[in-house]
Amino acid sequence: MSTDSPTTSIEEQIEAVSAEIDSTSVTNVDEVEAFRIRFLGRKSGVVTDLFARMSEVPGDQRREMGQRLNALKQRAQSRLDSALSEQVASSSEKATDIDLTLPGRVPAPIEPGSLHVLTQTLNDLKQIFQGYGFSIAYGPEIEDDWHNFTALNFPPEHPARDMQDTFFLEAPSDETPGVVLRTHTSPVQIRVMEEQKPPIRVIVPGRVFRNEAISYKSYCLFHQVEGLVVDEGVTFADLKAMLYAFAASFFGGDVKMRFRPSYFPFTEPSAEVDIWWVDERLPDGGRWLEILGCGMVDPNVLENVGIDSERYTGYAFGMGVERMAMLRHDIPDIRLLYENDVRFLKQF
Ligand code: PHE
């Protein structure tokens, strides 16, 4: 449309411009700027031009015409103002699309860890025996031949010293031959009795190492809890009563348990204890699993550490912690305890 044709009356132009102001699109930045230049531009804006034509208007109509032109300018200005403020509003809406108060997204939820099932089992064992008045002692995992074997009354050619069972280490000097990774926690019996005289009532939790065939129930390293009680008048009946009470509190009152005569160089008489492992898939509905060795401390052992074996007697036991955990949680293979598969560990 043309606004500067001299043949068009100012009234007609005002009508046309007014309609154009209303119908022009101002939905984005470019359109708003084009609108401003077309209608309100200082040099060639349509409304500005109309003001310039005021001289054509007869004197008695100028006042009214001036008011109409001002109204037209006002109309253009307010359309521009509202288009501008809408743009500001919508751009700040975009900025607030990000909700800074939302919790962050991480690739996978961070799950809290828990104690390894073996640590849990060891803690339970310690707690039970502390309840029966035992204190806790520890010893080194790297042992000398004296504590691991000789002081425990192993005959010089006993097969337990054989390469089959023991991880031998290179001796640091000729004076300390026969350095081994301890094959059991029994050497700590010797260490305790070297330091302390009866009455003695200790347990020894710890790691032990054996160079034996690996299977579902045996691994090259495992944990034991050793027990040692030395006092006047200690008998095998005390040992049995202690172990029955222990098994009832660890496995529950209905646990099936048996003593089998056995042999250890450092106890006489000796026994092994088995626990019935219920497994409906087996023909007998389960099987016996050996959990500990025990016996009355051999008088030779007491004499080796300078305790009068005429006056004192004692009992000792050494239990396998992995097997306790396996029985309690029905874990079918000892190796699961060392694989660190979180899917397994998470269950406990
Ligand atoms: N030390 C023996 C073993 O590892 C267990 C045991 C401990 C036996 C104490 C008797 C007394 O097999």
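Reader: Which residue ranges does the domain assignment give, and how many Å apart do the C-alpha centres of domain 1 and domain 2 lie?
Author: This is a predicted model. The domain assignment puts residues 6–94 in domain 1 and residues 117–345 in domain 2. Between the C-alpha centres of these two domains the distance is 100 Å.

Reader: How do H1 and H2 pack, roughly parallel or roughly antiparallel?
Author: Helix H1 covers residues 10–23 and helix H2 covers residues 29–40, and their axes are 12 Å apart at an angle of about 170 degrees. Angles over 145 degrees count as roughly antiparallel. H1 is therefore, relative to H2, roughly antiparallel.

Reader: Which residues make that contact, and how do they divide by class?
Author: H1 contributes Val17, Glu20 and Ile21, while H2 contributes Phe35, Arg38 and Phe39. By class, the contact of H1 with H2 has two charged, no polar and four nonpolar residues.

Reader: What is the volume of the largest pocket, and which residues are the closest to its centre?
Author: The space in the largest pocket comes to about 860 Å³. Its lining counts 43 residues. Those closest to the centre are Arg210, Gln224, Phe264, Glu272 and Glu290.

Reader: Which element gives the most to the lining of the largest pocket?
Author: Elements that each supply at least two lining residues are the strands S6 (221–231), S7 (257–264), S8 (267–278), S9 (286–297) and S10 (313–320), together with helix H10 (321–329). By class, the lining has 19 nonpolar, 13 polar and eleven charged residues. With eight residues, the element that gives the most is S9.

Reader: How does H5 lie against H10, roughly parallel or roughly perpendicular?
Author: The axes of helix H5 (residues 117–131) and H10 are 9 Å apart, and the packing angle is about 100 degrees. Angles from 65 to 115 degrees count as roughly perpendicular. H5 is therefore, relative to H10, roughly perpendicular.

Reader: Which residues of H5 and H10 make the contact, and how do they divide by class?
Author: On the H5 side are Val117, Leu118, Thr121, Leu122, Asp124 and Leu125. On the H10 side are Val321, Glu322, Met324, Ala325, Arg328 and His329. The classes in the contact of H5 with H10 are three charged, two polar and seven nonpolar.

Reader: What orientation does H8 have to H10, oblique or roughly perpendicular?
Author: Helix H8 spans residues 236–251, and its axis lies 11 Å from that of H10 at an angle of about 50 degrees. That angle makes the orientation of H8 to H10 oblique.

Reader: Which residues meet there, and how many are nonpolar?
Author: Met324, Leu327 and Arg328 in H10 meet Phe246, Phe250 and Phe251 in H8. The contact of H8 with H10 has one charged residue and no polar ones, and the nonpolar count is five.

Reader: Where is Pro199, and what is the peptide bond from Pro198 to Pro199, cis or trans?
Author: Pro199 is found in the loop between helix H7 (187–195) and strand S5 (200–209). With omega near 0 degrees, the peptide bond from Pro198 to Pro199 is cis.

Reader: What is omega for the cis peptide bond that joins Glu268 and Pro269?
Author: Pro269 has its place in strand S8. For the cis bond joining Glu268 and Pro269, omega is about -5 degrees.

Reader: What are the phi values of Asp330 and Asn340?
Author: Asp330 lies in the loop between H10 and helix H11 (336–339), and Asn340 is in the loop between H11 and helix H12 (342–345). Neither residue is a glycine, and each has a positive phi. Phi of Asp330 is near 60 degrees, and that of Asn340 is about 55 degrees.

Definitions and conventions: Residues are numbered from 1 along each chain as its sequence is written. This is a predicted model: local features need pLDDT of at least 70, side-chain atom pairs count only at pLDDT 80 or more; totals for chains, interfaces and linings use all residues. Side-chain values use heavy atoms; hydrogens and water are left out. Domain bounds come from an automatic or database domain assignment. On a 1 Å grid over the protein atoms alone, a cavity is a set of points where a 1.4 Å probe fits but cannot get out, and a pocket is an open set with protein on both sides within 12 Å along at least five of seven lines; lining residues have an atom within 4 Å of a point. Grid points are joined across faces, edges and corners, and a volume is the space filled by probe spheres set on the points. Helices (H or I, at least four residues) and strands (E, at least two) are DSSP runs, numbered from the N terminus. Ala, Val, Leu, Ile, Met, Phe, Trp, Tyr, Cys and Pro count as nonpolar, Asp, Glu, Lys and Arg as charged, and the others, Gly among them, as polar. Axes are lines fitted to C-alpha atoms, for helices over the stretch in contact, and angles run from 0 to 180 degrees between N-to-C directions. Angles under 35 degrees count as roughly parallel, over 145 as roughly antiparallel, 65 to 115 as roughly perpendicular and the rest as oblique. Contact means heavy atoms within 4.5 Å.
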